Amino acid sequence: MPEQKEQGASTHPGPRHGPEAARAVALEATLPTAARDREIARGLELGLPGADSIVDRSIPTFSRGELPHYAGINTFLKAPYVEDVRECGNFDVAVVGAPHDSGTTYRPGTRFGPQGIRRISGLYGTYSFELGVDLRESITIGDVGDIFTIPGNIEKSFDQIAKGVSHIYASGAFPVVLGGDHSIGYPTVRGVAEHLDGNLGIIHFDRHVDTQETDLDERMHTTPWFHATDIPNVPASNLVQIGIGGWQAPRPGVAVGRERGTTIMTVNDCVEMGIETAVETALEVAWHDAEAVWLSFDVDCLDAAFVPGTGWPEPGGFLPREALALLRGVSSRGLAGMEVVECSPPYDSADITSLVSARAICDVLATLVNNGHLPRKGA
Ligand SMILES: [Mn+2]
C-alpha cells in the first residue's frame, strides 16, 4: 500500500468529487454491516479463532466467508452451497450452473462456464461503489450447484435444464443460470413460462440472432428463440434482441425473425439512439402485455477483444461499459430470472470472459435491489 500523502491544506476532498463519486461516497455510509459481522462471527466459530500472532481477531484459522479472495471453495460470490435443492426457496437468489455445450457449432468449452464464472467471482466483494449496494447486506444468495446435463444428448439436457429451472422458479428464488452454450435459452424459458398465466417476454443480448429452426440438423445454440417462441405464452413479438450484427448472423435466422416479428437492435442502433432510449425501447417490446421478462445475456455481444473465451467471437460488439449500462437499464423493471451464456474458459485469457460474466450478474442483482425487486417480498 502506498503511503497517503497530505494533499495541501484541504481536509475535505468531497467538493472535488464528480457527481457519481460524491453520491457513491455518501451512500456507503448508509449501508449496514450486519451480515458481514454475522459472517465473521460464523467464520470464527466454524473456522476457529486465528493463531495468537494474528493481530486482527476477525481472522479465523480456516478461511470461511469472503476473505481471502484467493481461498475457499468456489461457489458464486462464495454464497452458501445449497446441497438440498428442496431448500433453494429459502434464498432470494438461486445460482445454478447449466454446463451444457453439446449445442455448440464452433468452439466448445462452455460446459466449463459455470466453474470459470464461479472461480473468478471469488475476486469480487459484495459491494458496488457506484451502485451503492452491498448484496450481502441486502439479499441472500444460494448456489445450488449444477444441473446434471447429458453430454452429446441435447434433448435430454434440455429436459434436465427445463426441470431444474422450473424447480428454482417455482420455489420463489430468483434464478441465475450460468451457461452453458446458448441452446439452453430454450429450456430455461420453457422452465419459467410453464408457471405463468400470461406471457413471458425475452430480452436477449447477442451478436447473433439465434432464431433459426435447426443448425447442422439439430436444435443447436443458434436456435433457442425459434423454439422458445413456439411456446404459446412466449410470443416472438415480445423478443427484443440487442447487439445483433456482423458476419455470423445466419440468413435463415434473420428470415425467421422477419416473419415472426422479433425486434432487433444493432450495436450502432443502440449507440446512436443512446443507451437510455435503447433501454426504453427494449423494455417497451419485452413488457408489452407480458407478465414477466427473462434476461438472456450472451457474452459475445461484447466486442471480440473483451471475450476471447466464447464460442463465436465477433468484432464490432459493445464495450463492456455499454453492455453493463444496458443490462442495468433493462433490469430496472424487474425480471423473472437471468442467464449468462457462451462463456468458454478453455479459450479464455486471464479469466476476462468469466470476469465480465460474473460482473453482468452482480450488476443485474444490484439493479434489482435498487429498484425494490429484491429481496423477495413475503418470502
Ligand atoms: Mn452469440
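Guide: A residue is called buried here if 20 or more other C-beta atoms lie within 10 Å of its own, and we shall apply that cut-off to a predicted model.

Visitor: How many of the residues of β6 are buried?

Guide: The residues of β6 point two ways: Asn199, Gly201, Ile203 and Phe205 to one side, and Leu200, Ile202 and His204 to the other. Since both groups are buried, β6 is mostly covered, and the number of its seven residues that are buried is seven.

Visitor: Why is helix α6 described as largely enclosed by the rest of the structure?

Guide: The buried residues of α6 run from Gly185 and Tyr186 through to Val192 and Ala193, with Arg190 among them. What covers these residues includes the helices α5 and α7 as well as the strands β5, β6, β9 and β10. Helix α6, residues 185-193, is largely enclosed because the number of its nine residues that are buried is nine.

Visitor: Is Asn233 buried, partly exposed or exposed, and which count decides this?

Guide: Asn233 lies in the loop between α7 and β7, where it touches Ala193, Leu196, Gly198, Asn199 and Leu200, leaving aside residues up to four places away in sequence. A residue is buried at 20 or more other C-beta atoms within 10 Å, and exposed at 12 or fewer. Asn233 has 15 such atoms, so it is partly exposed, and the deciding count is 15.

Visitor: What is the radius of gyration of the chain?

Guide: The chain has twelve helices and ten strands. For its 379 residues the globule rule gives 21 Å, and the chain's own value is close to that, so the chain is as compact as a globular protein of that length, with a radius of gyration of 21 Å.

Definitions and conventions. Residues are numbered from 1 along each chain as its sequence is written. This is a predicted model: local features need pLDDT of at least 70, side-chain atom pairs count only at pLDDT 80 or more; totals for chains, interfaces and linings use all residues. Helices (H or I, at least four residues) and strands (E, at least two) are DSSP runs, numbered from the N terminus. Two residues are in contact if their C-beta atoms, placed from the backbone, lie within 7 Å. The radius of gyration is taken over C-alpha atoms; the globule rule is 2.2 Å times the number of residues to the power 0.38.
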